[in-house]
Amino acid sequence: MSGKNGHPQERIGVYVCHCGSNIAGTVDVEQVAQWAASRLQHRGVVIARDYKFMCSSLGQELIEKDIKELGLTRVVVAACSPHLHENTFRTACARAGLNPYLCELVSIREQVSWVHTDRTAATMKAQAIVAGGVERVLHHQPLEPLRVPIHEATLVVGGGIAGIQAALEIADAGYPVYLVEREPSIGGHMAQFDKTFPTLDCAACILTPKMVQVGEHPNITLLTWSEVEKVEGFVGNFTVTVRKKARKVNTDLCTGCGICQEKCPKKVVDEVYEAGLGYRKAVYTPFPQAVPKYPVIDVANCIYFEKGTCKACEKFCPTGAIDFNQQDEILTLQVGNIVLATGYDIFDARRASNYGYGRLANVFTSLEMERMCNAAGPTGGKIVLRDGKTVPKTVGIIHCVGSRDRNFNNYCSVICCMQSLKFAHLVKERTGATVYNFYIDMRTPFKDYDEFYQRVLEEGTLFVRGKVAEVTDAARLPGEEGKLIIQVEDTLIGKQRRIPVDMVILSVGLEPRRDAKEVARKFGIACSANGWFTERHPKLDPVATMTEGIFIAGCAQGPKDIPASVAQGAAAAARVLGKIRQKEITLEPIRASIDESKCSGCRICNGLCPFNAILFHEDRMVSEINPALCQGCGTCVAACPAGAISGTGFSNEQILAQIEGLLLLNLEPQPA
Amino acid sequence: MTSNGKPKFAMYWAASCGGCEIAVLNIHEKILDVDANFEVVFWPVAMDAKYKDVEAMPDGSILLTLFNGGIRNSENEEMAHLLRRKSQILVAFGSCACEGCIPGLANLSPVQEIITTAFHTVSTDNPDGLLPQPEWSAPEGELHIPRLLPRLKTLAEVVEVDYYMPGCPPESHQIAAVIDLVIAALQGKAELPPKGSVIGAGNSTVCDECPRARNVKTITAFRRIQDVAPLDPTLCLLEQGIPCNGPATRSGCNARCPRAGAQCIGCYGPAEGVLDYGARLISAFASVIEAREPEEIERILDGIPDPAGQFYRFNLAGSLLKAARTVWK
Amino acid sequence: MSHETFEPTIIGFTCNWCSYRAADLAGTSRLKYPPNIRLIRLMCSGRLDPTFVIKALASGADGVLITGCHPGECHYLEQNYKALRRYLLLRRTLAALGIEPQRIKLVWASAAEGAKFATEATAFVEEIRALGPLGWGKSTNGKGLEGILEPSQKGEEVAA
Amino acid sequence: MTQRITIDPITRLEGHGKIEIFLDEEGNVANAYFQIPELRGFERFCVGRPVEEMPLLTNRICGVCPEAHHMAAAKAADAVYHVDPPPTAKKLRELLYSAFYVTDHTTHFYALGGPDFVMGPDAPVAERNILGVIHKVGLEIGSKVIQARKYGHTVVEMIGGRKVHPCTSIPGGLTKGITEEERRQIEEMGRWAVEFAQFSLKLFNDIVLSNPEYVDLILGDIYTHRTYYIGTVDANNRVNFYDGMVSVVDPNGRRIGKYAPHEYTEWIAEHVEPWTYLKFPYLKKIGWKGFVDGEDSGVYCATPLSRLNAADGMATPRAQEEYERFYATLGGKPVHQRLATHWARLIELLYAAERWVELATDPEITSPHVHNPPTATPTEGVGIVEAPRGTLTHHYWTDERGILTRVNLIVGTTNNYAPISMSIQKAARSLIRKGTVITEGLLNRIEMAFRAYDPCFGCATHSLPGQMPLEVTIRNAAGEIVEVLKRG
């Protein structure tokens, strides 16, 4: 009937789930089961049952019993989405000694009972879906999962708090870690902060000990001032090429005494750590607590490299550690897993030109503010205007700069509300100034956050609900002269307001690293449209990626605060440890393979695999697929003009048969 | 059961061009082997044949029948049934019998349209718009000509086929090889392949036999062969933008056309186990196009001005859809 | 099936990571769409072999809905672009064979877009209903096309 | 009072020529109809295809003379693109074509038409086939014949890429040239072919011309029609197969004009009869007067004989000698006896072989410059070559992308449809008197008429040269079947 001649040797069991009333409420499950038993008998169906809850242990036992007693060779379960219970029923089959991949779960809940209302139509569709499952399962092959040994070492990319956490967790568990950081020191953004919300403990105080631990940990090889150039291989055994940039300082000899920095005659505006508010030398460590303690020579600004003379640092170095001829080093690392914690960039406030940053002196960014509040910062913790002395009397803090804004980023940057509240508190505390917060919505979830909001409210900070239209110095009304005027519609009173202030703080949002997409390509993982790394599952698998053995943590995956970043770092570490402890891991056997006798070596498929799983043998002029690299997407299977590539689990035969099954009812006179 | 003890051999053409017969004659000396090992009972090209005698033969008394040509009219169809009955081994010989070949392109239009067009050409003197009539009363009496089927069919659509021998026409060296095989089998020196197999062809596709150099493919433009000058004589044609069907076309011809600087047009049909030839090419070509924006993709696809012809040139009658929709209506 | 209004049959292809989950979400959100559409799960829209679409049409489907992750969000990085290109070329080819291009539709739907899936499915069913039956393969009892297309023995011949 | 003779149920003579003979009250032939029962529709389904594919698609009209369609199509495509191929490309095409002529004429003379003479007209039909010939003339000659066909196909393959259905001609020239090594082999084979052609003429001389019985047969009235003749000629009005103007001569041998390919519609029109799938071309300027010969009837003939009649001579020395001997022997131009076509064919065989050598030794022939890419916008074009069985015309219209919007084809054999029908009538009339029928004779004569024309209904429908298996149905005035004779 389906146009295929049957497979009489197969004995199929069909199990239709009521899911309480979830399915049975809309689909006549008894009718579906009876239909399958009668109309699909010639296709090999020997038993068809319906049951209240197939996924219950009783339901599973029902299947296991039939497999044993009726000698079923194939099982079709018509219930909920495979994403929920495919594994459940596969395991049940396995328990009864049937290869788990000879079981097919078809969804008549999400795809039928929950989305349709007409009982007859829904029942017919359910029958079609069951027929599709039966035709498909006839072509299933018993499969064995692939096993790959795991190399014990792990690569962590990014030395921010997330990366640090991940590295420490793994190292503490007793396994080697390579921590690669592109800046001269680890610490990331957190090292730039003053206080951390909501508890206001100082960032340095809680971060530095962790940084030191990393620096001293016997299991951690710290590679700062370094970048990953190439990643080859697959889960269990990646080969990673790292470029260790020349520090021009011999770290074996350097004691980190700091004399070179004192003596260096060249001052450079520090755009990175000091956010452009302060200076550093041409030879420098980003900050006093830097780990490692060794400085780097900034070749672009060093007088010696510009003019060929100076060498002050060399002269004064007590240990002769300065080495102007030092070259970049290329290291090759063998690792089994990789954690990407590459962090974020902050939104460039200049892009929101209506807020005047870069044009109006006293408009600051949140990062500048962090530095200004920091006791070790350029102003020694004093909050002053650009002139460096005037203390502001009124300060306006603008939320969502570059976030929740269709001109820039639609997403919420998560941390801005709390960061703004933190600044409101600090400004009040240190200057007694009047503080306005301009917000769209106040977002203070998570532990103790809203309490902090209440506290700031009580402190008398003013809140204006509305998106600021512009910040200008063009005074129109008395009292506005010499001030920055914030033009905003106060949506709570429904009025346009002009609020004159001395200082404006832009709470800028978070953005993916400029080179995030390039990095993703390098590691063979995906980015969302925005550029954040894509996790394997948004809810159920937030730190894994589609590429086995590569995990993500911290803001590289999306905006989040410090606790969340730390949690993800630890979670990624736990996932890695899990893999390491398995010694070898099993991969879903959904893989493509090439029949060499059919392969003509046309090389159509060669460029199609994003995981570089397809290699071409020039000598034999045939292509081959590396099963450990293959992720089973099946693109090459569909592309092969010779039909030489087949994909397990989703073979042409399976899918074509399912099509015929789904259309069986069209080909048949309708059952009365 | 055979007059001279030799097994009986027959060859017949239905709607074909005769190229298959020429290809058989082109086995040259080997033709004498056929003469030596078979009693040729029916082969219109090489000898006067007697249908009467074929009908008179007991069923299954012809050992080997090479049937070429598609099924264009009801009489082709009846002939197919007759030879099926009389033959132990019925071979769909050549592209027409296997998959419809070029005449299968007729399945792009309704048969009435085909006839009308032929009788209204610029040189046709047909003021009254006459068309051939299946029944016509001439002054002296009734005249009959056969009606055409609504669409051209492959042999396998009409009768059960034992073996398929693709090619337009099948290469003579392949024919010779198959004849050797059958003769060897007769003498018990060889095994015939399982019924339903494709014989006299390779298992892979034309690229397998093509000497041209190949790289990872990225196509930024399709080009018409007359516009490409000079053509690189050693590089893969597809990589030069020429829509060469080689990657999807069964091997066995020794890549004749690509060797001669012409793109493969697909006369050997789909590779082993392929359900729809055109689909394979559509998928392969589209996969290696280097573009992501729909507009850009469409611009590149404009380089294939005749997709139906490009992808189903020889295979339309044997494809999943078999004919254009207008033919079904 | 209903006699007065034509009830089309539609085969839908989904990818395992986005659009199938969108369909699941439509279900868990109890969104409604017509029952004319029957889904097949692939790992990725890049797995979609044009053969599947042609097979569906030749076996009685009136339309085919192809779905996958949004461009740039493919879980296999960029395979959905291959699906897009195949889709565009397939449409051109089927059009050349007289099949309305609108009978095949490509829709991007992320795992979060259950509502989009439901509305697109509903819209597509109506579009196909408006186009009417395709006809291929209906009630052929698996015999492929002959059944419907050749009104029995001699009658099948066409007068010149 | 005609008794009814029934021979088998009339079934399954499908796809072959079908002859209906009607008798009047006296039992004399009232009329005879020769019907072509099939049509494949290239004119329709080529529309929509890119024009550069026509040399590949129209190949498949006929596997016996695909080279002819390949060339006509290539020339039409050149014309469509207004592009002139480089001299070497044209010469290579003609070289391929000459080699093909050697193969084709050899096949016909030895395998198809020849047997009538070699085996003798009254030999049992079962022996009148190529194997019979080989048995009769001996393996030595047999292998010569096989050799000739082999050499021809080898050259076709060298230049055309394939033995059957060549693939190298594209708008503006060819996809490839030939190497010096190939040229050397081609020349060698060509020289052998010249000897073989001379040998064949000698054989014809010995077996046929020296046999008065055959000569009478040839000169006999049954196969004589005073029709017009057409054939392609070069600038000096000598026979050419690949290129030139089409010369038209009247039944008295006077040249009434020459036309260039694009002018064909002014000269040729096709008459339609509702009882057959094939059309009847005739000379437009004279007009269709039915199946009659003479100056007032537009019926013309396009065969080797016609080409000789329409030309002033042959372009190569040895062929020219034979040409002169031909007309001297048969009493001057034009020759109307159809059976002389066999002789004419052998003269063409010699010319083709000589031309083969000429071109193989042309200094330009190995030049790598074999393609001029088209630059003009494609529009419309006509390509004409002489197919062995008659003048072959391809006419294409395209859009600005070079996609065909209209196609018209007048294939070789079709030219002769009317004269063939006339020969059949004549044979029937001469052999059916007052209802008495000489069965075997009738079939033989009709068949020999056919073989003279060497009809290739591969081109017209699908059966092969000279091998038209026949069914002859004879009906009395009441339309009842008197007798059915069949062969093949």
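A salt bridge here is a side-chain nitrogen of Lys or Arg within 4 Å of a carboxyl oxygen of Asp or Glu. This is a predicted model, where local features need pLDDT of at least 70, side-chain atom pairs count only at pLDDT 80 or more, and totals for chains, interfaces and linings use all residues. Residues are numbered from 1 along each chain as its sequence is written, chains are lettered from A and ligands numbered from 1 in the order in which they are written, and side-chain values use heavy atoms, leaving out hydrogens and water.

**View 1. Arg513(A) meets Asp345(A) in a salt bridge.** The N to O distance is 2.8 Å. Arg513(A) sits in the loop between strand E28 (510–512) and helix H14 (516–523) of chain A, while Asp345(A) is in strand E19 (residues 344–346) of chain A, so the pair ties together parts 168 residues apart in sequence. Those labels are DSSP runs numbered from the N terminus: helices (H or I) have at least four residues, strands (E) at least two. Is each partner buried or exposed, or something in between? Arg513(A) is partly exposed at 25% relative accessibility, but Asp345(A) is buried at 8%. (Buried means under 20% relative accessible area, exposed over 50%, partly exposed in between, with a 1.4 Å probe and protein chains only.)

**View 2. Asp441(A) pairs up with Arg404(A).** This salt bridge is 2.7 Å from N to O. Asp441(A) is in the loop between strand E22 (434–439) and helix H13 (449–458) of chain A, and Arg404(A) is in the loop between strand E21 (394–401) and helix H12 (416–431) of chain A, so the link ties together parts 37 residues apart in sequence. Asp441(A) is partly exposed, at 24% relative accessibility. Arg404(A) also counts as partly exposed, at 23%.

**View 3. Over in chain D, Arg401(D) and Asp399(D) form a salt bridge.** Their closest N and O atoms are 3.1 Å apart. Arg401(D) is partly exposed, with a relative accessible area of 40%, whereas Asp399(D) counts as buried at 18%.

**View 4. Shared partners make a network.** Which residues get joined by salt bridges that share partners? They are Glu86(A), Arg90(A), Glu588(A) and Arg41(C). Zoom out, and a search of the whole structure turns up 96 salt bridges over all chains.

**View 5. Chain B has 13 helices and 10 strands.** Of its 329 residues, 69% are buried. Along its principal axes, the C-alpha trace of chain B spans about 70 × 60 × 30 Å.
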